[in-house]
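This report considers how the parts of a protein model meet one another. Please examine the sequence and the structure shown below before reading on.

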Protein chains: 2
Amino acid sequence: MRQDISPYDLRQAIRCGEFTGHTSGFAPGFVQCNLAILPADWASDFLRFCQANPKPCPLVGMSNSPGDTALPPLGDIDIRTDVPSYRVFRDGEFSEERTDLSALWRDDLVVFALGCSFSFEEALLADGLEVRNISQGVNVPMYRTDIDCTPAGPFKGKMVVSMRPFKAADAIRAVQICTRFPSVHGAPIHLGDPGLIGIDDLGVPDYGEAVSIADDELPVFWACGVTPQVALEAARPPLAITHSPGHMLVTDLRNSQLAVL
Amino acid sequence: MRQDISPYDLRQAIRCGEFTGHTSGFAPGFVQCNLAILPADWASDFLRFCQANPKPCPLVGMSNSPGDTALPPLGDIDIRTDVPSYRVFRDGEFSEERTDLSALWRDDLVVFALGCSFSFEEALLADGLEVRNISQGVNVPMYRTDIDCTPAGPFKGKMVVSMRPFKAADAIRAVQICTRFPSVHGAPIHLGDPGLIGIDDLGVPDYGEAVSIADDELPVFWACGVTPQVALEAARPPLAITHSPGHMLVTDLRNSQLAVL
């Protein structure tokens, strides 16, 4: 499939089962989202968790009412079929991966679409910065920190961060660029000494793959969308559904529309 | 003298010789400027130097014509008398300090007013950040780097930087705040390892005084207004006049008016 497909055409291909792969690099310029789906009686606490922790959990959209499968502001979406791969969790345990939620759908499910780092990586690349995980062709390295999220009901846990190394001047530029995009994690939350946020060894990420860091580079850390997934698993709702890593909800929103200035 | 005096009243007190001290902390909220005065046949190269090196040499205002002693957009100013102390350089060598330029004034002199770190320090403090040189009551430490300025005619040299230590999260916040103020040096130009910009020992500043840095802090470096003074001395014009360190031109511009957003 051509990468420069429109979001609508890509979702159509996903909906009919033609496309089940990673969405990274597809529909460039358009916002891709992390997905979380929860029963209504868990949803208001999760919404409060997102509101209280906007850097790891930047809410881009949610369904209007329990049971709704549409997300009108994000495009012509049927959330049961328009994400290439879903992960189903029961009582906080991973249960199975699926490419279609139709058989599971219930009229009490609430959909959350959260901003994802693809949007700010695109902005960094557009400015001429090198994004190491992209140039090395690996998943971005992610680490559990010792930073507590603000809890909301059963949702709590440590913040997970992604790391990209930069020379200092580029790190400063990255802060400027990402500040414009608060709904896709915004500015970094830390840079420099990883030990100060509870990371022992950059060579051993908790998720994703390690990348090389040169002597004249600083590790720069962004709040990461894995944070809400960890909080969600810890809360152990009877049913929770997320996207599979890298298999995002591709929306009709443009990355540039997320810029606050 | 009360610190919260108006810029106009402070300049009047300076003009009549009542006030000859440091201006730091006086007329809070208003822009204070570095000063450079040059003969017209040196001024256009110096103007190009400022234009080519906007981070160390952010031009806030200049006289309309050679010989003009006024700077209308910056207030009711007579530049011969309204700065508490001047330094006179002849052929690049420091000659004398004066509190009045009337006896020296010539109809070929051109006045440059350059942004100063007082403005962004005020913005950092207003955001709740601790500015170490202020809390320790010393002049900010400044260092010669190995970064070449873009030369313009006889004006050239290494960039001088000021340093303020911050925890990483505050350093990121400082980048965001200072980005709003490009005409007072703007965002930092470096953070972290001082050796990467040619600084051997933070404990031995080239100008100002050393400040303490905690283990969990990063040194953050801003382009500094001493840079144009160094370039000016190196160029060895027959006559050059600057303010004495800390004895700034206090203008009627508000710091908030310099914010680009």
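What area is buried between chain A and chain B, and what share of that area do carbon and sulfur atoms give?

## Interface between the chains

The model discussed here is predicted. About 1,200 Å² is buried between chain A and chain B, and carbon and sulfur atoms give 79% of that area. On the side of chain A, the residues that lose the most area to chain B are Ile172(A), Gln176(A) and Leu191(A). Together these three residues make up 37% of what that side buries. The contact involves 15 residues from chain A and 15 residues from chain B.

Between chain A and chain B the count of salt bridges is 0, while 2 residue pairs are in polar contact, both residues being at pLDDT 80 or more. By residue class, the side of chain A that touches chain B divides into 11 nonpolar, 3 polar and 1 charged.

## Domains within chain A

The domain assignment divides chain A into domain 1 (7–116 + 236–258) and domain 2 (118–227). The centres of domain 1 of chain A and domain 2 of chain A, taken over C-alpha atoms, are 22 Å apart. Their contact takes 24 residues from domain 1 of chain A and 26 residues from domain 2 of chain A.

About 2,100 Å² is buried between domain 1 of chain A and domain 2 of chain A, with carbon and sulfur atoms giving 63%. In domain 1 of chain A, the greatest losses of area to domain 2 of chain A fall on Phe49(A), Lys55(A) and Cys116(A), which together account for 31% of what that side buries. On the side of domain 1 of chain A that touches domain 2 of chain A, β1 (30–39) and α2 (40–52) of chain A each supply at least two residues. The most is given by α2(A), with 6 residues. The residues on this side of domain 1 of chain A divide into 13 nonpolar, 8 polar and 3 charged.

## Salt bridges

Side chains of opposite charge can pair when their charged atoms come close. A search of the whole structure finds 34 salt bridges over all chains. One of them joins Arg15(B) and Asp82(B), whose closest N and O atoms are 2.8 Å apart. Arg15(B) lies in helix α1 (residues 7–15) of chain B and Asp82(B) in the loop between β2 (59–62) and β3 (86–90) of chain B, so the pair ties together parts that are 67 residues apart in sequence.

Note on methods
Residues numbered from 1 in each chain as written. Chains lettered and ligands numbered in written order. Predicted model: local features only at pLDDT ≥ 70, side-chain atom pairs only at ≥ 80, totals over all residues. Heavy atoms only, no water. Domains from an automatic or database assignment. Contact = heavy atoms within 4.5 Å. Buried area = accessible area lost by both parts, 1.4 Å probe. Helix = DSSP H or I, 4+ residues; strand = E, 2+ residues; numbered from the N terminus. Nonpolar A, V, L, I, M, F, W, Y, C, P; charged D, E, K, R; others polar. Salt bridge = Lys/Arg side-chain N within 4 Å of Asp/Glu carboxyl O. Polar contact = N/O pair within 3.5 Å; in protein donor to acceptor, adjacent residues only side chain to side chain.
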